[in-house]
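Hi,

Here is the structure I said I would pass on. Have a look at it first, and my notes follow below.

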Amino acid sequence: MSVPSVMVLPLLIVMAAGLYYIYNEIIQFMSKSLVRNKVVVITDAVSGVGSELAHIFHKGGARLILCGTSWDKLESLYDSLTSDADPKETFAPKLVILDFSDMGSMPEVVAEVEECYGCVDVLICNSSMKLKAPVQSVSLEMDRNIMDINYFGPSSLAKGVLPTMISRRSGHIVLVSSIQGRLAVPFRSSYAASKHAAQAFFDCLRAEVEEYGVHVSTISHTFINASTPPPSDKPAPKPNRLAAYIARQLTHGVCPSVLANEIVRMVNRKRKEVLLAHPIPRAALYLRSLFPSFLFAVVAAGVKDSALAEQMQ
């Protein structure tokens, strides 16, 4: 019995959807089995992305070490993870106070992290400090603070756990970076500079430790949309259309859950680099390399537009 030609396309769509569903179920099952019993360290675990990561890895049976600056928030996250968890399938997380703005405490933090289970299988450097301001209004003290949290902190922690990883010839270090580690946006000079530095450090680290069986990954995303901004009642003047469109795309973020799932997939597949961005930011990266003068002119035109400048700040 032949199938009418008008039914071929719907059947193909249904079959493709079914195969995609089965594929996702298999990937999720494999993700859980791959992280089981692994020691996973997550910095800034109480943030939106950190909390999503903690829930995914905890359900997968990982031995979590959750780091953050607030003990109360860490305990709250601990309660949310363990309240409905099966103790036969999961491990109670370990909690460690970690404040990258206090670089003098890093040796003690590294020692405490390694004492939890004696080793680290996966280190996820998720901490980040953002700042939106014109260059001339940012103090040197603020520049240094941002560099501590976004660059010196993650790099110091990675250096701290690296010797054990090298001796075991196993380990995975993940930097949750930003597209601004590869593409600078006006009014974010300090933030972009710190992300560029971190990106370069972990790119170098990847090449240096590959022979020891240690994997290094970076994920670059656009801004994280934790919530929808309230609508503005002020009528805005018409900005430069091209510059405004590019700026909206560059500042169009991703949901914490989407970013967290992408990080988990990257860990499981040992991917070296992931760019989680929409087409316009991706195109801007290529323009930065191939036609920099054009990109500079578009961005400068946007900054000159007062409405766009306010939007980007």
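This is a predicted model: local features need pLDDT of at least 70, side-chain atom pairs count only at pLDDT 80 or more; totals for chains, interfaces and linings use all residues.

**Helix packing, then the rest**

Let me start with a helix pair: the axes of α2 (48–59) and helix α3 (residues 71–82) come within 10 Å and cross at roughly 35°. Axes here are lines fitted to C-alpha atoms, for helices over the stretch in contact, and angles run from 0 to 180 degrees between N-to-C directions. On the α2 side the residues involved are Ser51, Ala54, His55 and His58, and they meet Leu77, Ser80 and Leu81 of α3; contact means heavy atoms within 4.5 Å. By class, this contact of α2 with α3 has three nonpolar, four polar and no charged residues (Ala, Val, Leu, Ile, Met, Phe, Trp, Tyr, Cys and Pro count as nonpolar, Asp, Glu, Lys and Arg as charged, and the others, Gly among them, as polar).

Residues are numbered from 1 along each chain as its sequence is written, and side-chain values use heavy atoms, with hydrogens and water left out. Helices (H or I, at least four residues) and strands (E, at least two) are DSSP runs, numbered from the N terminus.

**The sheet**

There is an open sheet of seven strands, with parallel pairing and the order β3-β2-β1-β4-β5-β6-β7. Strands count as paired if DSSP finds at least two bridges between them. β3 (94–97) and β7 (273–276) are the edge strands, each pairing on one side only. From one strand to the next, the twist averages 15°.

β1 (residues 39–42) runs parallel to β4 (residues 122–125), and three bridges join the two. Within that pairing, Val41 has Leu123 as its bridge partner, and Ile42 stands opposite Ile124. β4 also pairs with β5 in the parallel sense, over four bridges, with Val122 opposite His172 of β5.

Both faces of β4 are covered: Val122 and Ile124 on one side, Leu123 and Cys125 on the other, are all buried. For the record, buried means under 20% relative accessible area, exposed over 50%, and partly exposed in between (1.4 Å probe, protein chains only).

Helix α4 (residues 106–117) lies across β1, β2 (63–68) and β3, and runs at about 175° to β3.

Thr43 sits in the loop between β1 and α2. Is Thr43 buried or exposed? Thr43 is buried, with a relative accessible area of 0%. Leaving aside neighbours within four places in sequence, Thr43 is in contact with Cys67, Leu98, Phe100, Ile124, Cys125, Asn126, Ser127 and Leu157.

**Aromatics**

The structure holds three aromatic pairs. Rings of Phe, Tyr and Trp (its six-membered ring) pair if their centres lie within 6.5 Å; planes under 30 degrees apart count as stacked, over 60 as edge-to-face and the rest as tilted. One of the pairs is Tyr151 with Phe201, edge-to-face at 6.1 Å centre to centre and 80° between the planes. This pair links distant parts of the chain, with Tyr151 in helix α5 (residues 140–168) and Phe201 in helix α6 (residues 189–209), 50 residues apart. Both Tyr151 and Phe201 are buried. The rings of Phe201 and Phe202 have centres 5.2 Å apart and planes at 75°, so this pair is edge-to-face too. Phe201 has a relative accessible area of 17%, and Phe202 counts as buried at 1%. Tyr151, Phe152, Phe201 and Phe202 form one aromatic cluster.

**Two positive phi values**

Most residues other than glycine have a negative phi. Asn37 is not a glycine, yet has a positive phi of about 70°. Asn37 lies in the loop between α1 (5–35) and β1 and is partly exposed, with a relative accessible area of 40%. Arg169, not a glycine either, has a positive phi of about 55°. Arg169 is placed in the loop between α5 and β5 (171–176) and is exposed, at 51% relative accessible area.

Cheers
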